[in-house]
Every structure is written in structure tokens, then in C-alpha cells.
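Hi everyone, thanks for making the time.

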Amino acid sequence: MANTPSGRTEFTSTRGRIGLVPSLGELERAVMEVLWAADGPQTAREVQEALAHRDLATTTVLTVLGRLERKQLVTRTRDGRAHHYQPVASREDHVAELMRDALDAAPDRGAALARFLGSIPDDERAALRDLLG
């Protein structure tokens, strides 16, 4: 695991290392959930509408999207006057990297894995066995 001077850790997808995984604030996570659930790129207005229950100003949503873009978690493309945002990686890739970061932080990876396996339900443990072959 490589840490940058800003404290961010290297991000990898299932296809290899592709960037950095910064920590997400609660509102950033909510915006990412909207983008991950969307069928395609979203405008700030569409994200705002999806989070209508939070009563957010468009400027707030734009600020969060800008932060996510600087953290390299979303890309922005221009379409006429509007910008569209989409995640760089899937939710599953992001979660896998968070799990890897947690495992990398453990001084004894084997013990951490054993504790993790002991903490998950039997059906998830069986799914892991199936994935491992």
C-alpha cells in the first residue's frame, strides 16, 4: 500500500492499480451512491433531484462533484452547457479497494483474514470458497 503526502492510499481495481482511494465524507458517499446506481452519466441537477430528501442547493452538489473529480473518483464531460458526471470505477471495485486497504494495514494479514472469515455468515463464506475454486 502506498500512501501519498496527502494521506491518500493507492487505488486498484480488479484490473490493476488505477489511482488513489481517498476517504469519502457522508455527503460524498451519498453522491457516489447516486452515480453508481444511475444508468449513465448524470448532471448535477439529476444528482440533486435524486437526493431531494436532503434539500441540497445545486451549488452544494456541484461542490461535492468537484471534490469527487479532484479525488479522481468521477469524471466530468461537457455536453452543451451541462456537465455530466460518472464514476471512474464501479461500487464493487471501490469496496474491494477499501477491503484491500484495510487488509494492507494489518501487520498479520493471515490473522486479519481469519477474523474476517469468522465474522461473515456461512453463505458468504461458502461464496468465497466457490470463488477461490
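Let's start with Glu 69 and Arg 76, whose side chains meet in a salt bridge at 3.6 Å, N to O. By salt bridge I mean a side-chain nitrogen of Lys or Arg within 4 Å of a carboxyl oxygen of Asp or Glu. Glu 69 is partly exposed at 29% relative accessible area, and Arg 76 is partly exposed too, at 41%. For the cut-offs, buried is under 20% relative accessible area, exposed is over 50%, and partly exposed is in between, with a 1.4 Å probe and protein chains only.

Please keep in mind that this is a predicted model: local features need pLDDT of at least 70, side-chain atom pairs count only at pLDDT 80 or more, and totals for chains, interfaces and linings use all residues. Residues are numbered from 1 along each chain as its sequence is written, and side-chain values use heavy atoms, with hydrogens and water left out.

How many salt bridges does a search of the whole structure find? Seven. One of them joins Glu 33 and Arg 91, at 2.8 Å, N to O. Glu 33 sits in helix H1 (residues 26-37) and Arg 91 in helix H4 (residues 91-104), so this pair ties together parts that are 58 residues apart in sequence. Helices here are DSSP runs of H or I with at least four residues, strands are runs of E with at least two, and both are numbered from the N terminus. Glu 33 is partly exposed, at 34% relative accessibility, and Arg 91 is as well, at 27%.

Next, Arg 109 and Asp 104 form a salt bridge at 2.6 Å, N to O.

The buried ones are Glu 28, Ala 30, Val 31, Met 32, Val 34, Leu 35 and Trp 36. What do they pack against? Their partners are helix H2 (44-50), helix H3 (58-70), strand S3 (74-79), strand S4 (82-87) and H4, where contact means heavy atoms within 4.5 Å.

Last stop, the surface. Val 95, Met 99, Phe 116 and Leu 117 make a nonpolar patch of about 330 Å², with areas from the Shrake-Rupley method and a 1.4 Å probe, where for residues only the protein chains shown count as cover. Patch residues have over 30% relative accessible area and no salt bridge; nonpolar side chains (Val, Leu, Ile, Met, Phe, Trp, Tyr) are joined within 5 Å, and like charges within 9 Å. H4 and helix H5 (109-119) each supply at least two residues of the patch. Phe 116, in H5, is partly exposed at 36% relative accessibility.
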